[in-house]
Amino acid sequence: MLRLSRADGGAIWIMDSYRSNAWKAYRSEVFRLDDFTCTVCGRTAANGTVLQVHHKRYLPGHKPWEHPYELCSTICKGCHAAEHGIIPPRVGWTHCGWDDLGGLDGSCELCGNEIRYVFAVHHPKWGAMEVGETCCDHLTDTTLASNLMESQRRYLSRRRTFVSSSRWHERNQFHQSIKHKRYVIEILWSKKAGAYQLKIDGTCGKLKFREMLDAKIKAFDVVESGELAKYADRQRKKLRGRWRAQ
């Protein structure tokens, strides 16, 4: 019998061992116990899937068919390769986070497609990968990535509507304002700062912007994030404090 050592301390038997009638009989028994279904992905022999027996752990001195059934399982060829680290596993991945590269500057490590939005996924037997939206959903067996992207698309749509709204009043090319609920948001050019600044209900912020559009985007973020409402609450508290002091 030819035997190759493995890094995990087990062994891979090849040649005569896996051609023997004893192995073929044992393999059929394992397949029957698992209803001829891959225990990882659920595909079956009826669909033309190539099934194999996976040894979860090898017992020293035991032939492949001398292992107890609980140490073996039916697994398809693809999932078997994934189990041994030859290809990325198909299941068992978790989502770790995502990032916007700003352009098609990334590449999905699973399918190779160019991507802008990168999703980090992790598998305990493989490690981390950076993949695109579709591959992330497939690997994690969720719609997490597509839901995030749909939320992002709605966010960008709302932002586009806000910055191009006809509600913006242009006093001149350097001064525009919009009324949101009961708040007045102004964007004006400051000669002293040499940049555009945001002014909310008469109070000028410290941030500086090179372009009017940049300031409008920030104004949208202030509204969208709830910062505007928090700012208004702080201003009301200050006014009540002044009234009480008088």
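Start by selecting Gln197, which sits in strand E13, residues 195-200. The model on screen is a predicted one. Is Gln197 buried or exposed? With a relative accessible area of 11%, Gln197 is buried. Show side chains and look towards Ser190: the side chains of Gln197 and Ser190 are joined by a polar contact of 3.5 Å. Now display what surrounds Gln197. Leaving aside residues up to four places away in sequence, Gln197 touches Glu186, Ile187, Leu188 and Ser190, and also Cys204, Gly205, Lys206, Leu207, Lys208 and Phe209.

Next, select helix H6, residues 212-225. This helix has 14 residues and reaches 20 Å from its first C-alpha to its last, close to the 20 Å expected at 1.5 Å a residue. Which residues of H6 are buried? They are Met212, Ala215, Lys216, Ala219, Phe220, Val222 and Val223. These residues cover an arc of only 160 degrees around the axis, so they are on the same side of H6. An α-helix has 3.6 residues a turn, so residues three or four places apart point the same way. Step just past the end of H6 to Gly226, where phi is positive, at about 90 degrees.

Return to two of the buried residues of H6, Lys216 and Phe220. Phe220 belongs to a cluster in which ring pairs link it with Tyr155, Phe162 and Trp168. Lys216 lies over the face of Trp168, at 4.7 Å from the ring centre.

How many aromatic pairs does a search of the whole structure find? The search finds 10. One of them is the pair of Phe31 and Phe36, which is tilted, with 6.2 Å from centre to centre and 55 degrees between the planes. Colour the two residues by accessibility: Phe31 counts as buried at 11%, while Phe36 counts as partly exposed at 38%.

Move on to Trp98 and Phe119, an aromatic pair that is stacked, at 6.2 Å centre to centre and 20 degrees between the planes. Trp98 lies in strand E5 (residues 94-100) and Phe119 in strand E8 (residues 117-123), so this pair ties together parts that are 21 residues apart in sequence. Phe119 is buried, at 0% relative accessible area, and Trp98 is partly exposed, at 34%.

From strand E5, go to Leu101, in the loop between E5 and strand E6 (106-107). Leu101 counts as partly exposed, at 34% relative accessibility. Its C-alpha is 8.4 Å from that of Ile115, although Leu101 and Ile115 are 14 residues apart in sequence. Not counting residues up to four places away in sequence, Leu101 touches Gly106, Ile115, Arg116 and Val118.

The last stops are two aspartates with positive phi. Select Asp35, in the loop between helix H2 (21-33) and strand E3 (51-55). Asp35 has a positive phi of about 60 degrees, although it is not a glycine. This residue is exposed, with a relative accessible area of 60%.

Then select Asp141, in the loop between helix H4 (133-140) and helix H5 (144-163). What is the phi of Asp141 near? It is near 55 degrees, a positive value in a residue other than glycine. At 71% relative accessibility, Asp141 counts as exposed.

Notes:
Residues are numbered from 1 along each chain as its sequence is written. This is a predicted model: local features need pLDDT of at least 70, side-chain atom pairs count only at pLDDT 80 or more; totals for chains, interfaces and linings use all residues. Side-chain values use heavy atoms; hydrogens and water are left out. Rings of Phe, Tyr and Trp (its six-membered ring) pair if their centres lie within 6.5 Å; planes under 30 degrees apart count as stacked, over 60 as edge-to-face and the rest as tilted. Buried means under 20% relative accessible area, exposed over 50%, partly exposed in between (1.4 Å probe, protein chains only). Helices (H or I, at least four residues) and strands (E, at least two) are DSSP runs, numbered from the N terminus. A charge sits over a ring if NZ of Lys or CZ of Arg is within 6 Å of the ring centre and within 35 degrees of the ring normal. The expected span of a helix is 1.5 Å times one less than its number of residues. The arc is that of the directions from the helix axis to the C-beta atoms. A polar contact is a pair of N or O atoms within 3.5 Å; within protein, one must be able to donate a hydrogen and the other to accept it, and residues adjacent in sequence count only if both atoms are side-chain atoms. Contact means heavy atoms within 4.5 Å.
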